[in-house]
Amino acid sequence: MKETLRAKEAQREGQWITYLIRDPRYSDKRGNMGKPIYVGQTNDFPKRVLSRLMKCEKEAAGKGMDCIEVRVASLLHLGIVASYQVLDYQPTRLSSLISETNWARKCWNAGYDLANRAELQNAGG
């Protein structure tokens, strides 16, 4: 519930949020807590965080591949909650999608194996 409370504090009315999900077991390459595992975007950050945590097990079932639902569910099985970080605020869905793609590419270029699978987000560039 700590992550959902933090998400409520981060939400801004009328703004889209680009966010990063981190695996808190490992540090990133700069020594910050949590290795990046997914970049996303939403206009309802608290709802998205809660949904990712509450529905990941059900949504991961049957996928049988590396996706964000499987990664979040795997962490929860270990008693670990993924951390969520706001990367950017944008005024529209389109600008948020561009932000999400740019941040995903930055993470790929930095050597992180993200669970993003959108064609423009699953490689550096």
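Entry 1. Is Tyr38 buried or exposed? I looked up its relative accessible area and got 14%, so Tyr38 is buried. The cut-off I need here is under 20% for buried. A reminder to myself before going on: this is a predicted model.

Entry 2. Next I went through the ring pairs. I found three aromatic pairs in the structure. For Tyr19 and Tyr38, the ring centres lie 6.4 Å apart and the planes meet at 50 degrees, so I noted this pair as tilted. The label follows because stacked needs planes under 30 degrees apart and edge-to-face needs over 60. I then checked where the two residues sit: Tyr19 is in strand β1 (residues 16-27) and Tyr38 is in strand β2 (residues 33-42), so the pair ties together parts 19 residues apart in sequence.

Entry 3. How accessible is Tyr19? Its relative accessibility came out at 0%, so I wrote it down as buried. Tyr19 has another partner to record: its ring centre is 6.2 Å from that of Tyr84, with the planes at 35 degrees, so this pair is tilted too. Here the link joins distant parts of the chain, since Tyr84 belongs to strand β3 (residues 83-90) and is 65 residues from Tyr19 in strand β1. I checked burial for this pair, and both Tyr19 and Tyr84 are buried.

Entry 4. Which residues do the ring pairs link into a cluster? I listed Tyr19, Tyr38, Phe45 and Tyr84.

Entry 5. I turned to charges over rings. Arg12 lies over the face of Tyr89, 3.6 Å from the ring centre. Lys29 lies over the face of Tyr112, at 5.3 Å from the ring centre.

Entry 6. Now helix α1 (residues 2-10). I noted its buried residues as Glu3, Thr4, Ala7 and Ala10. Looking down the axis of α1, I found these buried residues within an arc of 115 degrees, so they line one face of the helix. On the other side of α1, I have Lys2, Lys8 and Glu9 as exposed.

Entry 7. Last, a look at the surface. Where did I find a nonpolar patch? Met1, Leu50 and Met54 form one on the surface, with about 350 Å² of accessible area together. Met54 sits in helix α2 (residues 45-60). Its relative accessible area is 61%, so Met54 goes into my notes as exposed.

Definitions and conventions:
Residues are numbered from 1 along each chain as its sequence is written. This is a predicted model: local features need pLDDT of at least 70, side-chain atom pairs count only at pLDDT 80 or more; totals for chains, interfaces and linings use all residues. Side-chain values use heavy atoms; hydrogens and water are left out. Rings of Phe, Tyr and Trp (its six-membered ring) pair if their centres lie within 6.5 Å; planes under 30 degrees apart count as stacked, over 60 as edge-to-face and the rest as tilted. Helices (H or I, at least four residues) and strands (E, at least two) are DSSP runs, numbered from the N terminus. Buried means under 20% relative accessible area, exposed over 50%, partly exposed in between (1.4 Å probe, protein chains only). A charge sits over a ring if NZ of Lys or CZ of Arg is within 6 Å of the ring centre and within 35 degrees of the ring normal. Patches are made of residues with over 30% relative accessible area and no salt bridge: like charges are joined within 9 Å, nonpolar side chains (Val, Leu, Ile, Met, Phe, Trp, Tyr) within 5 Å. Accessible areas come from the Shrake-Rupley method with a 1.4 Å probe; for residues, only the protein chains shown count as cover. A salt bridge is a side-chain nitrogen of Lys or Arg within 4 Å of a carboxyl oxygen of Asp or Glu. The arc is that of the directions from the helix axis to the C-beta atoms.
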